[in-house]
Amino acid sequence: GSSATEDLLACAALRAVGVAIADTSYELKALASRLRPLTGGGIVAALTALSVEGGLDWGQLGAAQRASILDLISRDAASLDEAALRDVARLPLFEFERAGDEAGDEAGDSLSSEGDSLGPSCCGALGPEGRRWLKPQFKTLAADGGFPAELLAPGGGASSRFLARIPAAAPRSVLYSRLQVQSMARADYYASVVFPRWGALDEEARLAQLLELQRYYEELCDERVALPDGGASSFGDLFGASPLFGGLRAEQLLDPELELHVAFFPKKLPHPSLRTERSLQWLRRCGMAQSLTRSAFSGAAETVDAAAAAAFASGQPATPELKAQARQVVDALLASFSHLRDDSQQLGEPPLDEWLRHLGSLRLAAPFTAPPRAFLESATAAEELAPAPPVAALLAFYRAAGGPADVLVPLRGNIVPQETSSTHLLSAACWSHATVLLVPNARAVPTELIAGAGAFPNATYEQLFGHVLAITSL
């Protein structure tokens, strides 16, 4: 029958590589101590011993002959101990997929892999436990072009091949099971096939993969994936560390439902196709920033400050667009200050006091009003009228502009008026020692914010008396 034929093929293959098979009708007493039974364990021991001695020539055997040897070993698979199983895994008896056989496998011939040294039989030893895979059996977006024969390790490490699928009735299927050969799971498929090839995918393919991954993420998140160094990681950790979103990790994305994110960080927003409510909820669970952070806020404020400082230095007024951006930043600061000040919600961010000091130095606010005409038309030098250098520079700017002009100034050293009933008095008093700022709903601005930014809630007596002296000098 076929079993006898397979046995003959296996015995012929064993003899071809130097394994002597004694006829059981002879009593070879002189060799009895060295003889091993023709069982799975005996065959493995003999092949291993010859491999150590360097007396094996595997090149004589094709895939069918090697498969017959595995089938013969597999009849005793249940009796093989762990050491024997490790020895079997090291023998080049296992057939792998041939690169380029699949339609659409564009990368197959260009990747360097262990498969390149398998020879004409395309057979070799097994890889490490946990990475002994047959091609996946599930359906996926990539299946239309066929799964590639070769797969990559996470992080772009050494590549290997899928093992060739064997008939379910083949005796060696039992041995494959004991050796932990299995169809690749979906989590490992992403980790070792999709993510390492990410850079070669076009935008449409990446989006398709992300949208499909979104469907399975919850069930995959806690699964363990095999790493090339023999270690393992949860799929969620591997996904979180992978820059799959335009070069950004999920935790580096910013929620597009916050206006400040949209206005100042368009490159950190998810792709428009990932902005459905379902996709946004998924990205938030994956770590996308859904509220303002101190560093992100500083980035927006610094963008405004850089443009405002450049305009001021060149004597140009702030544009309406720049003023609108500044107003957007200040509004966001006031609306989100309770969140921004809470250290428990700002892990890994700069300390609050340091962040507020930096914020106070940026040009984010407009003066409440222009200087009095007497100050603009006076022949007295700006430095004499305004001993405070920032105020003197601002007065000089207005004089050069020939009158009122749009400009942005820092919070530090200026006044965020808490008593709006006296704003008109403060406005008149602001052009020698400080500037009263036009801040929306100024009375509701937290005193902690005002003090931390180095501003004043009202004009001090020193500022008022100094201003009186400045007026009397006109």
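Predicted model: local features only at pLDDT ≥ 70, side-chain atom pairs only at ≥ 80, totals over all residues.
How do the axes of helix α12 and helix α13 cross, and within what distance do they come? The axes of α12 (residues 320-340) and α13 (residues 352-360) come within 13 Å, with a crossing of roughly 160°. More on that pair below, after a look at the whole chain.

Residues are numbered from 1 along each chain as its sequence is written, and side-chain values use heavy atoms, with hydrogens and water left out.

The chain has 19 helices and 11 strands; these are DSSP runs numbered from the N terminus (helices: H or I, at least four residues; strands: E, at least two). Of its 474 residues, 47% are buried. Here buried means under 20% relative accessible area, exposed means over 50%, and partly exposed is in between, using a 1.4 Å probe and protein chains only. The accessible surface comes to about 23,300 Å², and carbon and sulfur atoms account for 54% of that; the areas are from the Shrake-Rupley method with a 1.4 Å probe, and for residues only the protein chains shown count as cover. Take the chain's contacts (heavy atoms within 4.5 Å) between residues at least 6 apart in sequence: 73% of them join residues at least 24 apart.

## Two partners for α13

Back to that opening pair. Axes are lines fitted to C-alpha atoms, for helices over the stretch in contact, and angles run from 0 to 180 degrees between N-to-C directions. At roughly 160°, α12 is therefore roughly antiparallel to α13. The cut-offs are under 35 degrees for roughly parallel, over 145 for roughly antiparallel, 65 to 115 for roughly perpendicular, and oblique for the rest. On the α12 side the contact uses L333, F337 and L340, and on the α13 side L352, W355, L356 and L359. By class that's seven nonpolar residues, with no polar and no charged ones. For the classes, Ala, Val, Leu, Ile, Met, Phe, Trp, Tyr, Cys and Pro are nonpolar, Asp, Glu, Lys and Arg are charged, and the others, Gly among them, are polar.

Helix α13 also meets helix α11 (residues 294-313), with axes that come within 11 Å and cross at roughly 10°. So α11 and α13 are roughly parallel to each other. From α11 come R294, F297, S298, A301 and E302, and they touch L352, W355, H358 and L359 of α13.

## Around α7 and α10

The axes of α7 and α10 come within 11 Å and cross at roughly 60°, and that makes α7 oblique to α10. The crossing is left-handed. Seen from α7, the residues involved are L210, L211, L213, Q214, R215, Y217 and E218, while α10 brings R278, S279, W282 and R285. The tally is five nonpolar, two polar and four charged residues.

The buried residues of α10 are S279, L280, W282, L283 and R284, and they pack against α7 and α8 (235-240). After α10 comes G287, with a positive phi near 110°. Over in α7 (residues 203-220) sits Q209, which is buried at 8% relative accessible area. Q209 and T140 are 69 residues apart in sequence, but their C-alpha atoms are 8.8 Å apart in space.

## A few loop residues

Most residues other than glycine have a negative phi. Q180 has a positive phi near 65°. You'll find Q180 in the loop between α5 (172-178) and β6 (182-183), where it counts as partly exposed at 39% relative accessibility.

P272 lies in the loop between α9 (259-264) and α10 (277-285) and is exposed, with a relative accessible area of 57%. Its C-alpha is 9.5 Å from that of P256, 16 residues apart in sequence. Q418, in the loop between β10 (409-410) and α17 (423-428), is buried at 14% relative accessible area. Leaving aside neighbours within four places in sequence, Q418 contacts A442, R443, V445, T447, I450, P457 and N458.

Conventions
Left-handed = near helix turned anticlockwise from the far one by under 90°.
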